[in-house]
Amino acid sequence: MGVATESAAEPGGTRSLAPARGRALSGYLYLLPYLILFGVFLVLPLLYGLGLSLFRWDMLSTVPARFIGTGNYSEALGSAYFWKALGATFRFVVMAVPLTILLGLLIAVGIEAVPVRRQALYRAAYFLPTLITVTVAGLLWRWFFNSEFGLFNALLAPLGIKVPWLTDTAWAMRSVVIMTLWWTVGGPVVIFLAGLQQIPSHYHEAAALDGANGWQRFRHITLPLLRPVMVFVVIMNVIGAFQVFGQTFMITQGGPELSTRVLVQYIYETAFNNYRMGYAAAMSWLLFALIAGFSLAQVRLLRER
Amino acid sequence: MRSAARHPGRERGEMSVSRRAFLTGLALPALLAPGCRRSGSRQTTLRFWNGFTGPDGITMLRIVRRFNAQNPDVNVLVQRTDWATYYNKLFVAGLFGRAPEVFVLHASNILRFARARFLHPVDDLISGPDGLDSHDFDANVWQEVEVDGRHYGVPLDVHILGMYFNRQLFRQAGIQSPPAERAGFLEALRRLTRHPAGGPDQWGFVFTNLSSNVYTVMRQYGGAFFTEDFGRCVMNDARNVAALQFCVDLIRRERVAPPPESFDAWVGFLQGKVATAFEGIYMLADLQKQTELDFGGAPVPQIGPEPAVWANSHTLCLRAGMSGAELQAAWRFVRYLSNNSLDWAAGGQIPVRKSLRQTARFHAMPIQSAFARQIPYVSYLPRVTFTFEFQDELNTAIEKALRGSASPQQALDTATANVNAVIARESKSV
Amino acid sequence: MKVMEVRKTERTTQYWARLRRGLVEGMVALGAMLFLLPILFLFLTALKPDAEIIKFQSLVPHHATLSNFRQVLGDPEEIPIFRWFANSVFISTMATLLVLTVDSLAAYALARLDLPGKRWTFALIVGTLMVPGQILLVPVYLILNRLGWLDTPLALIVPAGAGAFGVFLLHQFFLGIPKDLEEAATLDGCGRFGVFWRIVLPLSKTALATLGIFTFVGVWNDFLGPLVFLDSVDQYTLPMGIALFQTSYFVEYGLTLAASVLCTLPVLMAFLLFQRAIVKSIALTGLTD
């Protein structure tokens, strides 16, 4: 009786010892398929990469790999190119993430205020760009941004403005961010919209009856209830932004003057153009450490409030 | 990137949502699911890898199809990727025993691959019973595929830089023929550059491919890049600085060329807004699509004291370690490509077989013939194993100087120092 | 008197409220049109011949032609575009099925089963979310080479199952399912697998659909994986195939655009068709923890 109640209270768990081990083992069977894939295609390569980063293996030379300990790491930290690439990535993250989140939220709030029967239409419109592959999206925006014959400067010409979208080292990354907003804001819009639609309307009604205006309702009801969704979106966005590569590669190829050569592109070139595998692995691990640090800091920051 | 698969959509810094077409799509691909490659009974299958994308890719594909039709006992499978990825995959494949039987290399990369022992020397095959006449190749091109006394590939073509010019703009400016030397070149550019009030700019010249354009001028000034033994980089040689200064002056002093757009500068020529451009023969296919453009081709004017022009070649290489029937089949294929390089030329290339260039068919290709006149003095990039890093430094220096972020001397000084650091690093590994 | 004033104020307030709503919708609509403009540009430019494309004169083609499309669809041996499309669909579908199967089992184990060391396992799995994929490229290449899977769809399908995203997502969602439902099933004599199959999974349809969509699109748009692990043109996925219309020096604009339109069209239509179902599935109840 007691045993039955206890097992009922904890489904999947059990109190008696001998069956426990059997249950645990068979429980691991559920985990096994994933663990095999995870081990072979994630953990193993990860450890390999870590090991590789401690060696000097430049596939160029006919000399075999040589252990150099932290040599690659110190080279990276002392390399102007590494810091410049890291700077480019950073600039992208700092510009793209807040703008994407804010714009996504703004659009979602806007759509939510629209009569329900038309909401799906607008949602589809903002999401459509996300379905375009990076090659095509990059090509299109490269055209738009061209100083001489691009669409944007053609539209601004009557005002006498000619923006050096891709030719100025300060502007180039901004242009990439603008393209990224168009290309990726659809995701957050859809997610935020779902989150907004989940908030029971009687919360808003009750608050309105209490005399709260739109802005107050937004601040004190909407935002707090959106918090978990926001946390998730922000974190995933930051993690992804640190790994940006496709857009910069397609639109600017890292130029002008390497101002948009993000870290991932630099790592890729180091590994596959210059064949310096150990060095590339070390830089990848530095990037990992950075992302991990950022994510943990964010989780702590956003959860505390 | 797998990362996008594991963290879907993350590569762009975002998650995305989409359709459930997978339900509908399930049936279709199951029918079309890639099956195993059928290998013929007594057929030798050869894998031929190259970086020819775009119209070049189609041209080569058709040539291979004809070979397969004429040689039923050999089946050549063509695989093509863009050049950047191509080299990465080729080298990695070679390292792990998956190199294809026949593949294309740029002459500038032969050194690296030969030293890594990936290539089968072709001297015996050339001089053998079914060989080729090595004297039919241009001597300087044939020399480029030589490493440590042996030749490691059969040159297929030489893609030279040349001057494309807009005939209509030339006529309007009253210029009879394309300029051939410095004074005439500058004079022409001045007459061709116009900035009519309220109308579109017209430029005499535009820098399209920064490295090949400026490298050509540097070579014409006679500058050196490395010491004889390649022990030290001397890119900041005074003559290189002067050459780079000339290019900078075209933009800033003479104002006959616009500041470099990081991309798509070539489109200005296609639009008819630019009168001349230095570009490779491989642009011909793109030009021919512009049906409204009246263009011509001529050798690059000699701006410096020496004649020189940037070039590179596509070389057909054989994987090391082949023998017997496979080697014979591969050689037969390579020989076919070389003998039929006029078909390749028709797609916008220049063959390196002197005998083929003397045919009427080649003479009927005006642009190719004009560019081919420069073959005796083509200048390849310096042969170093760290060729990509060298080119990166050179390109960065050129870009900085042309954009005005640094003086030619400063830019080349920085590049030289960086390349010397690379040399030091490389020598430590030996 | 007062009543009429109140009514007038009510009407004025309503009038202003409606105006505000109209303005908001107007801005939303304007933004939507701006967002759609590049896509319209893509479709219209694909109808222009190359000579007209580079002139960038106007949105609408002067000499509209289908020649780009005819060239792209013309010779399947030279441009196996249907093949690429089929490859993309096949690979994305299989990868999605793999991820859904493997991840749901694992997430269930980690969320509901009593396993020794499961907290550490879960932490490890989630920690790998932050790993940049580049580190893995070369070692995975080596492993795939050893397995003989390079240049086959397996190279893109199987490694997709190693991602932690799905496990994380489903784990959070499973935690949110009320335990008494599972208890009731156990009391009825359901084994653990029975509970999983008959209670947990059906309740998780939305989360499963969400994961399925994310995975599908991620694999569909993946570029670097196919680039490195596939060699043969007829094994290529769509994004790679479209990239073949560029050389290092120029882009065949007409062909690239036409191919892009052909590839985007089915995806667009499927999305418009399914979007109601899709977005319903983005009920992120599992993430409100």
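Me: What makes a residue buried, exposed or partly exposed here?
Reply: A residue is buried if 20 or more other C-beta atoms lie within 10 Å of its own. With 12 or fewer it is exposed, and in between it is partly exposed; C-beta atoms are placed from the backbone.

Me: And what share of chain B counts as buried?
Reply: 54% of its 430 residues. Bear in mind that this is a predicted model: local features need pLDDT of at least 70, side-chain atom pairs count only at pLDDT 80 or more, and totals for chains, interfaces and linings use all residues. Residues are numbered from 1 along each chain as its sequence is written, while chains are lettered from A and ligands numbered from 1 in the order in which they are written.

Me: How many helices and strands in chain B?
Reply: Chain B has 20 helices and 11 strands. Both are DSSP runs numbered from the N terminus: helices are H or I with at least four residues, strands are E with at least two.

Me: How is chain B divided?
Reply: Domain 1 is 44-159 + 312-373, and domain 2 is 160-311 + 381-428. Those bounds come from an automatic or database domain assignment. The domain centres, taken over C-alpha atoms, are 28 Å apart.

Me: How many residues touch between those two?
Reply: 21 residues of domain 1 of chain B contact 15 residues of domain 2 of chain B. On the domain 1 side, helix 18 of chain B has the largest share, five residues. That side divides into eight nonpolar, nine polar and four charged residues.

Me: Which residue types go in which class?
Reply: Nonpolar covers Ala, Val, Leu, Ile, Met, Phe, Trp, Tyr, Cys and Pro. Asp, Glu, Lys and Arg are charged, and the others, Gly among them, are polar.

Me: Switching to chains A and C. How many residues does each give to their contact?
Reply: Chain A gives 68 residues and chain C gives 72. Helix 2 of chain A gives the most to the chain A side, with 17 residues.

Me: What's that side made of, by class?
Reply: The chain A side has 54 nonpolar, 13 polar and one charged residues.

Me: How far apart are the domain centres within chain A?
Reply: The C-alpha centres of domain 1 and domain 2 of chain A lie 32 Å apart. Each domain puts 10 residues into their contact.

Me: And the domains of chain C? What are their bounds?
Reply: Domain 1 of chain C is 2-70, and domain 2 is 80-287. Their C-alpha centres are 34 Å apart. Nine residues of domain 1 of chain C contact seven of domain 2. Helix 1 of chain C supplies the largest share of the domain 1 side, three residues. By class, that side has six nonpolar, two polar and one charged.

Me: Why is A:Q197 classed as partly exposed?
Reply: Because 16 other C-beta atoms lie within 10 Å.
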